[in-house]
Amino acid sequence: MNKILFVEDDRLYADTIEDFLSENGFDVDIVADGEAAIERLSQNRYDLYLIDLKLPKLGGFELLELIKNSGDDRLAIILTTNMNAHAAVKGFSLGCDDYIRKNCDLAELLERIRRSIYRSYHSKSNWIDLKDGYMFDLSAKVLMRHGEIVALKKKDKKGSE
């Protein structure tokens, strides 16, 4: 299960997104400001950061810059109402992987997250394209289906002799 840190100060909106992503197989943690996000990053490992730009205490751009300057290359998606070209260029220059309008269709948000995760795994590894949307990474031993990691169980060694 992919773990997402959602940095959003609008609690109702954050809960809506959390419920939707949880129903679609993601583990989502929510924090309301950039400082809380930094604290949470020191305690947990995430696969993707979903960051609002307008945050109290430490803004989204500043948070993204701190994350990327620390050497953290995990995925970061900006989710904001501010969709001007200047802000998008700034976000990409700071290392975000996607820039999405805050009130986008939830299915679009889900697909963008899945595609980002898929591209991230696909670009770093030795993948074999299997049938029915399955991909297997030989080096990392990761199986994905339609951009989502499929949990694999270790083989029981009893009786294998």
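**Chatting through a predicted fold**

Student: Let's start with T80: does it count as buried or exposed?
Tutor: T80 counts as buried, because its relative accessibility is 0%. Buried means under 20% relative accessible area, exposed means over 50%, and partly exposed lies in between, using a 1.4 Å probe and protein chains only.

Student: Before we go on, what kind of model is this?
Tutor: This is a predicted model, in which local features need pLDDT of at least 70 and side-chain atom pairs count only at pLDDT 80 or more, while totals for chains, interfaces and linings use all residues. Residues are numbered from 1 along each chain as its sequence is written, and side-chain values use heavy atoms, with hydrogens and water left out.

Student: Ok, back to T80. Where is its place, and which residues is it in contact with?
Tutor: T80 sits in strand β4. Leaving aside neighbours within four places in sequence, T80 has contacts with D52, L53, Y99, I100, R101 and K102. Contact here means heavy atoms within 4.5 Å.

Student: How many helices and strands are in the chain?
Tutor: The chain has five helices and nine strands. They are DSSP runs numbered from the N terminus: helices are H or I with at least four residues, and strands are E with at least two. From the N terminus on, the order is β-α-β-α-β-α-β-α-β-α-β-β-β-β.

Student: Which strands do bridges join to β3?
Tutor: Strand β1 (residues 3-7) runs parallel to β3, and four bridges join them. Strand β4 (residues 75-80) also runs parallel to β3, again with four bridges. Two strands pair if DSSP finds at least two bridges between them. As examples, F6 has L50 as its bridge partner in β3, and Y49 stands opposite A76 in β4.

Student: How does the chain cross from β3 to β4?
Tutor: The path goes through helix α3 (residues 60-69), making a β-α-β crossover that is right-handed. Picture the strands pointing away from you: right-handed means the path from the first strand over the helix to the second runs clockwise.

Student: What about the faces of β3, are they covered or open?
Tutor: Both faces of β3 (residues 48-51) are covered. L48 and L50 are buried on one side, and Y49 and I51 are buried on the other. In a regular strand, side chains alternate between the two faces of the sheet.

Student: New topic! How many aromatic pairs does a search find?
Tutor: A search of the whole structure finds three. One of them is F6 with Y13: the ring centres are 6.4 Å apart and the planes are at 65 degrees, so the pair is edge-to-face. Rings of Phe, Tyr and Trp (its six-membered ring) pair if their centres lie within 6.5 Å; planes under 30 degrees apart count as stacked, over 60 as edge-to-face and the rest as tilted.

Student: And F92 with Y99, why is that pair tilted?
Tutor: Their centres are also 6.4 Å apart, but the planes are at 45 degrees, so the pair is tilted.

Student: Are D29 and K3 buried or exposed?
Tutor: D29 is buried, with a relative accessible area of 15%, and K3 is buried at 18%.

Student: What about R112 and E108, where do they sit?
Tutor: They are four residues apart in helix α5 (residues 106-123), so about one helical turn separates them. R112 is partly exposed at 28% relative accessibility, and E108 is partly exposed at 34%.

Student: Last one: what share of the chain is buried?
Tutor: Buried residues make up 42% of the 161 residues.
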